Amino acid sequence: MNKIQIPQFARQMLSNKEMEAAVLNGLMNEREGIDQAMQRLSDYCFYEPMHQVIYHAICNVYGANTPISMISVTNELMHGMDYERAKDCMLQVAQIATQVEEKMDFYQMVLVLENIAQRRALAPVGYQLLELSYSLSTDLNAGVNAIQQAIDQILSGTKGKDFTSLSEQLEIARQHIIDNRNPDTRHVGLMTGIPQFDREGGLPDKAFIVIGAKSSHGKTSFANYLALQAMKQGKRVAYYSMEMTNLELTQRLLSMECRVNVNTLARKPLLPEQEEKAFHAIESLIQNNAESFCFDERGVNKLDRMLQSIRVLKRTRGIDLVVVDYIQLLGIDPIYRDENTTKLIGRASHAFKDISRDLGLTILCLSQINRNVTGRPTRANLRDSGEIDEASDLTIILYRPEADKTEAYSDPYQHVTVKNTMLVDAGKYRSGAQTEFIMGYQPEYTLPFVLTKEKQEEMEIFNQEGDPYDELADV
């Protein structure tokens with residue numbers, strides 16, 4: 001069956017020049033929802049040739065992780081274009097970027113433009129169906145199947161989505177078994193230095209991991225510990241904090257390494273021996289892959305911008321681990337402003353889970369605990385949404401009785417001192433066994449650490465007579 005081109009008059013009827021210009025205007029003025037818009041838009045959404053040129057320039061600016069504006073798009077257009085054509089394009093950009101008339105919400109305009117493009121793509125399929133009905137020489141079933149595939153592809157918004165068979169996956173599983181015979185080729189996740197996790201193969205890859213705790217109970221410290229472990233193993237880390245500056249986070253990481261009080265390190269002159277420790281730790285971290293640990297300098301605090309940044313950093317820096325501190329402070333795109341907080345946090349949780357699978361990286365997301373919780377919290381106490389735990393592949397709840405001014409753990413940890421310790425509860429662990437255990441914690445260095453037998457003896461970890469708890473004695 002020959003491919004029939006849609007007539008020019010029909011193409012013009014299935015286009016909207018004003019809508020195209022309005023969407024380009026929204027992109028250049030960096031409205032909320034840029035990341036979602038860029039995922040939906042394609043070349044075919046723009047019928048006007050000049051609009052296509054401008055859209056390509058916007059895509060290049062977006063891909064370079066540069067803010068999209070009239071200036072950045074104009075500068076991009078000037079590369080590889082003759083002066084006269086560039087001048088015409090720049091005039092178009094200026095006209096589009098400064099137009100103020102809006103008939104609907106920006107994201108709604110994107111959806112309308114996508115819908116128009118889909119209809120424009122369906123038109124030639126309709127002509128192919130018409131030709132098939134009159135062509136006795138064409139196999140009917142083959143023609144209908146081809147047309148159905150084209151329609152499915154247009155309506156799904158995908159270009160040849162890949163599917164795989166069980167047979168193919170079984171061959172991959174076979175190779176995994178073979179690889180796991182050798183320690184050098186064994187498939188493991190992020191090794192943490194924490195025996196209870198590393199016995200299960202470490203933290204899972206391509207996973208959405210949640211760390212929940214009350215305020216001042218060590219969730220940021222625990223995430224920092226895991227991020228440093230990843231960096232030292234050669235992994236590339238991206239860190240997003242809505243609470244602390246990059247310098248404050250760096251000082252916390254440095255305090256963990258040099259064992260100098262974090263407040264002293266940040267605000268006071270150091271003693272000679274402290275300064276020596278700090279400088280030695282700085283050099284050690286630089287030699288241990290510190291170049292691969294990055295912060296987003298733009299102060300990303302909106303979900304769509306963060307997702308855009310993660311995609312760019314995956315493409316340009318090959319990141320393996322993302323830390324988000326924390327999910328309740330993350331702004332959500334206002335196109336969802338009619339939803340309540342529970343739905344918004346749930347939407348963010350599933351977005352993080354989707355991007356972890358899509359890009360093949362681990363998302364480590366911190367979460368607050370409901371304020372009215374007394375005593376040891378559980379997964380059900382994650383603030384604002386049960387969907388946080390529902391979406392996660394691993395949920396870790398931390399608890400420090402010392403921070404609660406509670407004098408003792410409950411059973412079976414009643415013999416463990418609360419001073420400089422924390423309870424780690426991995427109650428949901430899709431790729432490993434559920435577990436809970438006690439770790440050490442030094443608040444002056446914001447440092448979680450493994451309680452080896454030597455550390456247990458040094459800290460006099462057991463405050464009453466009795467047999468040491470098995471999980472502690474086993475490390």
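Me: What makes the nine strands an open sheet with edges, and in what order do they run?
Reply: In this predicted model, the order is β3-β2-β4-β5-β1-β6-β7-β8-β9, and the pairing is mixed. The edge strands are β3 and β9, as each of these pairs on one side only. Direction ignored, neighbouring strands of the sheet are turned by 25° against each other on average.

Me: How do you know that β1 and β5 pair, and in which sense?
Reply: Two strands pair if there are at least two bridges between them. Strand β1 (residues 208-213) and strand β5 (residues 362-368) have six bridges, in the parallel sense. Val210, for example, has Cys365 in β5 as its bridge partner, and Ile211 stands opposite Leu366 in β5.

Me: What does β1 pair with besides that, and over how many bridges?
Reply: Strand β6 (residues 394-399) pairs with β1 over four bridges, in the parallel sense. Here Ile211 stands opposite Ile396.

Me: Why is β1 called mostly covered?
Reply: Six of its six residues are buried. On one side these are Phe208, Val210 and Gly212, and on the other Ile209, Ile211 and Ala213, so both faces of β1 are covered.

Me: Now to the aromatic rings. How many aromatic pairs are there?
Reply: The count comes to eight aromatic pairs.

Me: Why is the pair of Tyr239 and Phe293 called stacked?
Reply: Rings pair if their centres lie within 6.5 Å, and planes under 30 degrees apart count as stacked. For Tyr239 and Phe293 the centres are 6.1 Å apart and the planes are at 20°, so the pair is stacked. This pair links distant parts of the chain: Tyr239 is in strand β2 (residues 237-241) and Phe293 is in strand β3 (residues 293-295), 54 residues apart.

Me: How do you know whether Tyr239 and Phe293 are buried or exposed?
Reply: Buried means under 20% relative accessible area. Tyr239 has 2%, so Tyr239 counts as buried. Phe293 has 10%, so Phe293 is buried.

Me: Then why is the pair of Phe293 and Phe295 called tilted?
Reply: Planes under 30 degrees apart count as stacked, over 60 as edge-to-face and the rest as tilted. The planes of Phe293 and Phe295 are at 50°, with the ring centres 5.5 Å apart, so this pair is tilted.

Me: What lies over the face of Tyr326?
Reply: Lys219 does, at 5.6 Å from the ring centre. Tyr326 is in the loop between β4 (321-325) and α16 (341-359).

Me: What is the phi of Asn289, and why does Asn289 count as partly exposed?
Reply: Asn289 has a positive phi of about 80° although it is not a glycine. Partly exposed covers the range between buried, under 20%, and exposed, over 50%. Asn289 is at 24%, so Asn289 counts as partly exposed. The loop that holds Asn289 runs between α14 (272-287) and β3.

Me: And why is Thr446 called buried?
Reply: Its relative accessibility is 5%, and the cut-off is 20%, so Thr446 counts as buried. Thr446 lies in the loop between β8 (435-442) and β9, and its phi is near 50°, a positive value in a residue other than glycine.

Me: How far is Gly218 from Thr446 in sequence and in space?
Reply: They are 228 residues apart in sequence and 7.3 Å apart in space, C-alpha to C-alpha. Gly218 is in the loop between β1 and α11 (219-232). With a relative accessible area of 8%, Gly218 is buried.

How values were computed:
Residues are numbered from 1 along each chain as its sequence is written. This is a predicted model: local features need pLDDT of at least 70, side-chain atom pairs count only at pLDDT 80 or more; totals for chains, interfaces and linings use all residues. Side-chain values use heavy atoms; hydrogens and water are left out. Rings of Phe, Tyr and Trp (its six-membered ring) pair if their centres lie within 6.5 Å; planes under 30 degrees apart count as stacked, over 60 as edge-to-face and the rest as tilted. Helices (H or I, at least four residues) and strands (E, at least two) are DSSP runs, numbered from the N terminus. Buried means under 20% relative accessible area, exposed over 50%, partly exposed in between (1.4 Å probe, protein chains only). A charge sits over a ring if NZ of Lys or CZ of Arg is within 6 Å of the ring centre and within 35 degrees of the ring normal. Axes are lines fitted to C-alpha atoms, for helices over the stretch in contact, and angles run from 0 to 180 degrees between N-to-C directions.
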